[in-house]
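Please examine the sequence and the structure shown below before reading on. The paragraphs that follow lead through its parts in turn.

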Amino acid sequence: MTIQIAIAIPTPYVTAQQFADLAKIPVATVKNKIRNGELPIRKKHSTAGSASRETPLINMVALTLEGAASYKGNLTINIEEAE
């Protein structure tokens with residue numbers, strides 16, 4: 001018997017403050033994790049020779065897939081677009 005579980009991700013990207021609220025950790029901790037490369041962020045668009053001032057956005061889809069990939073049981077991942 002196969003059990004299917006659907007995981008809905010309400011938004012693909014969140015700010016550091018939104019992630020801190022969801023994870024119930026200080027925003028400073030989230031920013032440190034971003035700086036240390038511990039959280040996947042959306043690539044910034046920068047112009048040649050200048051640093052981007054865009055707000056880093058945490059990629060919730062990548063985090064969800066990372067969590068699913070670390071599951072030790074039998075797991076098949078199918079990605080479907082929302083209608």
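Helices are DSSP runs of H or I with at least four residues, and they are numbered from the N terminus. The model considered here is predicted. Lys-24 is placed in the loop between H1 and H2. Although Lys-24 is not a glycine, its phi is positive, at about 60°. Lys-24 counts as exposed because its relative accessibility is 73%, and exposed means over 50%.

Two packed helices are described by the angle between their axes and the distance between the axes. Helix H1 comprises residues 16-23 and helix H2 residues 27-35; they pack at an angle of about 115°, and their axes are 8 Å apart. The crossing in which H1 passes H2 is right-handed. On the H1 side, the contact is made by Ala-16, Gln-17, Phe-19 and Ala-20, while H2 contributes Val-27, Val-30, Lys-31 and Ile-34.

Side-chain interactions complete the account. How many salt bridges does a search of the whole structure find? The search finds one. This salt bridge joins Glu-38 to Lys-33, with 3.2 Å between the closest N and O atoms. Glu-38 has a relative accessible area of 46% and is therefore partly exposed. Lys-33 is also partly exposed, with a relative accessible area of 28%.

Aromatic rings remain to be considered. The structure contains zero aromatic pairs. The ring of Tyr-13, however, has Arg-42 lying over its face, at 4.6 Å from the ring centre.

Notes
Residues numbered from 1 in each chain as written. Predicted model: local features only at pLDDT ≥ 70, side-chain atom pairs only at ≥ 80, totals over all residues. Heavy atoms only, no water. Phe/Tyr/Trp six-rings, centres within 6.5 Å; stacked < 30°, edge-to-face > 60°. Lys NZ or Arg CZ within 6 Å of the ring centre and 35° of its normal. Salt bridge = Lys/Arg side-chain N within 4 Å of Asp/Glu carboxyl O. Buried < 20%, exposed > 50% of the residue type's maximum accessible area, 1.4 Å probe, protein only. Axes fitted to C-alpha atoms, helices over the stretch in contact; angles between N-to-C directions. Helix = DSSP H or I, 4+ residues; strand = E, 2+ residues; numbered from the N terminus. Left-handed = near helix turned anticlockwise from the far one by under 90°. Contact = heavy atoms within 4.5 Å.
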